[in-house]
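Student: Could you take me closely through one part of this structure, the aromatic pairs and what lies around them?

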Amino acid sequence: VYTKSFPGSAPAYVSITVDRSGAVAYKEAADDDPEQFKLEPAETNGIFDLAQKLDHFTHPIESGLKVANMGAKTLRWENGSEVSEAKFNYSLDENAKALHDLFERITETVRQMSVLQRAMRHDKLGIDAALGSILFSWDRKRLMGAPQFLPLLDQLAGNDIYMHMSRTRAAELAEAIRAAKAKAE
């Protein structure tokens, strides 16, 4: 479980729970109903491998350096009755940095999906900008659980109510995601 509280940032709060099957529960408020999606096996294994390298958060990972406040972050391990956690603002541990980055990528991905969904419902002209942001993240290898975008991309690509340019971009991205998934399998 990863939580981050950083008032004044967007989002100000995040809670992400990942289980071994790759199921993710994402919340931007403690009392929200979580958004659910599934990570790819390699992504899930990466998260759990890093948690293991960090001894399931049984040791402090805070650097202790005087740095700017970057949000109160907590990494928590829950496995039956086994529970441990480490809180930090900033860490020098490369494994903690890598794990933090994976959770930030999940946040980025969920927020981009939300923007695309909203644009498809309410702002047809905003779809191209939303797709551009997703493509930028895809090119930088920052999307997590990319296949979760496929139903939206297929809907967008196959519906004439959307601009041709957006339909083309959606079809190309869907094809790239499918090709990457096939290659991984």
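Tutor: Both Phe48 and Trp77 are buried, where buried means under 20% relative accessible area, exposed over 50% and partly exposed in between, with a 1.4 Å probe and protein chains only. Keep in mind that this is a predicted model, in which local features need pLDDT of at least 70 and side-chain atom pairs count only at pLDDT 80 or more, while totals for chains, interfaces and linings use all residues. Residues are numbered from 1 along each chain as its sequence is written, and side-chain values use heavy atoms, with hydrogens and water left out.

The structure holds two aromatic pairs. Rings of Phe, Tyr and Trp (its six-membered ring) pair if their centres lie within 6.5 Å; planes under 30 degrees apart count as stacked, over 60 as edge-to-face and the rest as tilted. Tyr2 and Phe103 are stacked, at 4.8 Å centre to centre with 5° between the planes. Tyr2 belongs to strand β1 (residues 2-5) and Phe103 to helix α2 (residues 94-122), so this pair ties together parts that are 101 residues apart in sequence. Helices (H or I, at least four residues) and strands (E, at least two) are DSSP runs, numbered from the N terminus. Tyr2 is buried at a relative accessible area of 0%, and Phe103 is buried too, at 4%.

Now back to Phe48 and Trp77: their pair is edge-to-face, 5.8 Å centre to centre and 75° between the planes. Phe48 sits in helix α1 (residues 41-53) and Trp77 in strand β5 (residues 72-79), so the pair links parts that are 29 residues apart in sequence.
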